[in-house]
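Hello,

Here is the structure to look through before you start on it. My notes on what was found follow below.

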Amino acid sequence: MAKKKSPRKVRVPFRKNREKRVRSQNLTFESQDPTRPEPDAGSERISGKGRLTRYRTIIGVDGEGNELQRELDESVCDAGRVLRAIGSTRCDVQSPSGRAYVCTVRRVLRTMLRDARNAVVAGDRVMFRITGPEEGVIERVQPRQTVFSRGVGQFEHVIAANIDQLVIVASVSAPPLKPALIDRFLVSAAKGGVRPIICLNKADLVEPAEIQPFIELYQGLGYEILATSATTGVGIDRLREQLCGKETVVGGQSGVGKSSLLNAVQPGMSLRTGQVSDDSGKGRHTTRVAELLPLQGGGWIVDTPGVRQMELWDVAREEIEAYFIEFPPFVANCRFPDCTHTHETGCQIKAAVEQGRISPLRYASYQRMFLGD
Ligand SMILES: Nc1nc2c(ncn2[C@@H]2O[C@H](COP(=O)(O)OP(=O)(O)OP(=O)(O)O)[C@@H](O)[C@H]2O)c(=O)[nH]1
Ligand SMILES: [Mg+2]
Ligand SMILES: [Zn+2]
C-alpha cells in the first residue's frame, strides 16, 4: 500500500529564468484545459548554452519526483493555505491571520514534479515569501496528509489536499443513480485517507422507498449516508452537522447538485449552479475550479467540478478487494490465495454473494473495477 518514504538529497535541473524554451509542440498546449496533459519538459529543446546549465540541491522524499522538498530559509517565509489554484502558476493563499495573497509558484517547484498540474492544489499547506502587499511566491509545498485525486489518462489529478472528508454526492434521478460510481469514490476516499459521506441528492424526485435499499446497504457497511434535497431542504440540517468544523471536499458527477447542496447548507455561499441538459440528463460542468470556502461555525468546504467518470489513480487490481470493506473476512477463506474473485472455484466472495451476505451491486462494482471497465 503506501510506500515508505525516506528523505534523501536530490538534485534537480535548474533552468535559468531568462532562458526561453523552444517548443517543439504546437501552441495549442497553451490551452487552459486542466485535464490536458502538459508536454514533458524533457521533450522540449532549450535554447542558449545547452540543456541543463545548473543543478540545485533539494530534499526529496521519493525516487519518482514526487513531494520533493527544497532546502529553504524559513525565516523569510510565511506559512499559508492554498484556497484556490488556477492552473499550475497562480494560487490564492491565506495566511494564518486571514490575509489573502495572490501567489505565483516558484518554477523549480513545478520542474520538480513530473506532472506540474499537481504542483500546488487547493488545500495545500505552503511556505511562501511575501513580495508585495497582496502578493507572494510559493517556495515550498508541505507533504500532503490526505488527498482527493483521480486519474486522467496516465496522469494523476489531485483535486484537493489535506481535507478530512469527502462528501460523495449522487442524485437518485436526473442523472440516475449509479452505485458503481459511488463505490469508486469510496475506494478513492479510502486510498486518499479521507472519511467518506454518501449523499443521495434530489430525494424529492423519487419515492422514499426507492432510496431505502441503498441507505440500508451502505449503512450496513458502516458508511454515513444521507438522503437530501437541495430543493425541499430534506436532510440539509443533517448534512450541515456533518460538515461543521471539518474540512470537506464535495465530489460527484456533474449535475447531481453539489453546488446546490452547499448553497442550501449555507445560503450566503452563492455558488453558481446549472441546468442539466434535457436530452442526455448529464450535467454541464457549471463549477470550474476547486476552491476552499469558509463555513459559518468553522471548517472549510471545497466545491469541485463534476466528473463524468471516476478513474482511480494508483490502485493496483489486487489492491481493490482491500478497499471493499466487507470483503476481507471472506477473502481469507478463498481456496486460492491469489483468488481474484472473478472466475475461481472455491471463491468465498462469490459464495457470500449467493448467500446474500455480500450485495450483488457491490460485487458488480468490484468486478467492473477489477476488469478495468
Ligand atoms: N429536483 C432537484 N433538483 C436539484 C436538486 N439539487 C440540484 N438540483 C438541480 O440540478 C441541477 C444541477 O445542480 P448543480 O448544483 O449545478 O450541480 P453540480 O453537481 O454542482 O454540477 P457541476 O458544477 O457541473 O459539477 C440544477 O438545475 C439544480 O437546480 C434537488 O435536490 N432536487
Ligand atoms: Mg457545481
Ligand atoms: Zn475469491
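**Notes on the model**

Helices are DSSP runs of H or I with at least four residues, and strands are runs of E with at least two, both numbered from the N terminus. This is a predicted model, in which local features need pLDDT of at least 70 and side-chain atom pairs count only at pLDDT 80 or more, while totals for chains, interfaces and linings use all residues. Residues are numbered from 1 along each chain as its sequence is written, and chains are lettered from A and ligands numbered from 1 in the order in which they are written.

The protein has nine helices and 18 strands. Of its 373 residues, 35% are buried (20 or more other C-beta atoms within 10 Å of the residue's own, with C-beta atoms placed from the backbone).

Helix 2 (residues 179–192) packs with helix 9 (residues 360–370) at an angle of about 65°, and their axes are 9 Å apart. The axes are lines fitted to C-alpha atoms over the stretch in contact, with angles from 0 to 180 degrees between N-to-C directions. Helix 2 and helix 9 are therefore roughly perpendicular (65 to 115 degrees). On the helix 2 side, Pro179, Ala180, Asp183 and Arg184 meet residues of helix 9 that include Leu361, Ala364 and Met369; contact here means C-beta atoms, placed from the backbone, within 7 Å.

Among contacts in the protein with a separation of 6 or more, 64% are between residues 24 or more positions apart.

Regards

Terms used. Angles under 35 degrees count as roughly parallel, over 145 as roughly antiparallel, 65 to 115 as roughly perpendicular and the rest as oblique. Two residues are in contact if their C-beta atoms, placed from the backbone, lie within 7 Å. A residue is buried if 20 or more other C-beta atoms lie within 10 Å of its own, exposed if 12 or fewer, and partly exposed in between; C-beta atoms are placed from the backbone.
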